[in-house]
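Please open the model in a viewer and keep the selection panel at hand.

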Amino acid sequence: MSDKLYIFDTTLRDGEQSPGASMTREEKMRIAKALEHMRVDVIEAGFPVASPGDFESVSSVAGSIRDSVVCGLARALDKDIDTAAEALKAAPAFRIHTFLATSPIHMREKLRMEPDQVVEQAVRAVKRARNYTDNVEFSPEDAGRSDPEFLCRVLENVIDAGANTVNIPDTVGYNMPLQFGELIRYLIENTPNSDKAVFSVHCHNDLGLAVANSLSAVVNGARQVECTINGLGERAGNAALEEVVMAVRTRQDIFPCDTTLDTTQIVNCSKLVSNITGFPVQPNKSIVGANAFAHESGIHQDGVLKSRETYEIMRAEDVGWHNNRMVLGKHSGRNAFKARLAEMGIVFDKEEELNAAFSRFKDLADKKHEIYDEDLSALVADAIHNAQQERINLISMRAYSETGEMPTASVTLSIDGEEKHADASGGGPVDATFKAIEAIVNSGCDLQLYSVNNITTGTDSQGEVTVRVDKNGRVINGQGADTDIVVASAKAYINALNKVMENCERTHPQV
Ligand code: KIV
Ligand code: ZN
């Protein structure tokens, strides 16, 4: 019988450390619910001491996730560990993940600590975390560049102190698959109490090897992989969850273990994370790219038609492609709507959010005959924004363009309950609309990215717009969806401005 491989998802923590990928509490909750629905074992919900906003997000996730363990990151400091425990306390099962660097360069230059002091502080941190939970993970940061003998000493001590998961990070993405696999084997064989803990890995993708390194570690005894949806993460990102999970599932002849994930949720999760963060998925990305299962050449198409296995090693439906079906129409009722959302893993905490989503669904069904799962995900996001008490709300707008004329837009917003109106002209109707919004809000933001995607096919498809703005170095994304792409653009811009108004300074875990 094969062992279990635990999947620890850190999209909400390391993933959020990608510049520009910051997420609101509500967005993190949506991703956490999708991860739980996919049966991820551990969800690292954030770094609670980083900011009050991070604390709130972790405690909201802890309060609503039932089937996955919720984890919070903490440096090996009393304050971090106590704050993490406080944020996590509502979760039925929670883990504290504490870390301290062990590589010579980090100990000397960053921590200015001697190796003995590092061992002492790591042990103290694990013991403190054990006062709150019996589920404690310790990471020797920059393990990939640490002395293996010293690592064994650190691991032995933290396992004795009560860590039941020890995670080996290749923090700077420096390792090579063969070498990293050998390191994991060495650590398991040379840490005297290694049988008392699950060995985990956390690989960064600086040399494009995060997934390869993680898989090599699994072959050599690791039984937890830390990863993120779409490989999001600090710098070049972390190991992509979808690639790790499908490699292990597809090559059961090589791996002596498997995950218990519902892989049919992978594409949904990927789209959700891409939409929320504004990080597009490249078409040729494995598993979740739009072309991952598309066969262009005649020879391939012919082969696949004769026997799918000639050119396909996985079934598209096993990762959630082709789930998209026409689900509901104009005459569908509230219960059918609610039931379909539940099947997609979307459950509302508040009745007013469900009502707002249902009313958006009815409006959409008037404009668009066929409503697909993707339409539902987009309108749910939109309805949640509407149901929240946002400071800026779109009351009405009109955009006008004609060949040979300067496009114009008129926008009416409510700001903190007060109605305000502005007209503007611009290079196109979207530009004019953004200028009209700016004439009212005067946000001082720089627009860094504007992108439109059609959610389904056809000219009646909803357009999903992502904008990224920069305000004094803080980078924020906004999203909006509508069958009218100028309205979707206005919604996305207003969504970003609402986030800018929420102040959230934060500490970086590695600083
Ligand atoms: O990359 C890293 O070392 C980390 C640790 C906090 C596990 O993210
Ligand atoms: Zn990391």
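Select His-202 first: with a relative accessibility of 5%, this residue counts as buried, a word that here means under 20% relative accessible area, with exposed meaning over 50% and partly exposed in between (1.4 Å probe, protein chains only). The model is predicted: local features need pLDDT of at least 70, side-chain atom pairs count only at pLDDT 80 or more, and totals for chains, interfaces and linings use all residues. Residues are numbered from 1 along each chain as its sequence is written, chains are lettered from A and ligands numbered from 1 in the order in which they are written, and side-chain values use heavy atoms, leaving out hydrogens and water.

Next, display the zinc ion (ligand 2). Asp-14 (OD), His-202 (NE2) and His-204 (NE2) coordinate this ion at 2.0 to 2.2 Å. Donors are N, O and S atoms within 2.8 Å of the metal (3.2 Å for Na, K and Ca); water is not among the atoms, so sites may look incomplete.

Now colour the chain by domain: domain 1 (6-277), domain 2 (293-322), domain 3 (326-386) and domain 4 (390-502), with bounds from an automatic or database domain assignment. The centres of domain 2 and domain 4, taken over C-alpha atoms, are 40 Å apart.

Then select Met-38, Ile-168, Val-201 and Leu-241, the residues with the most contacts inside the largest nonpolar core, which has 94 residues. Such a core is a set of buried Ala, Val, Leu, Ile, Met, Phe, Trp, Tyr and Cys residues joined through side-chain atoms within 4.5 Å. Domain 1 and domain 2 both contribute residues, so this core lies between them.
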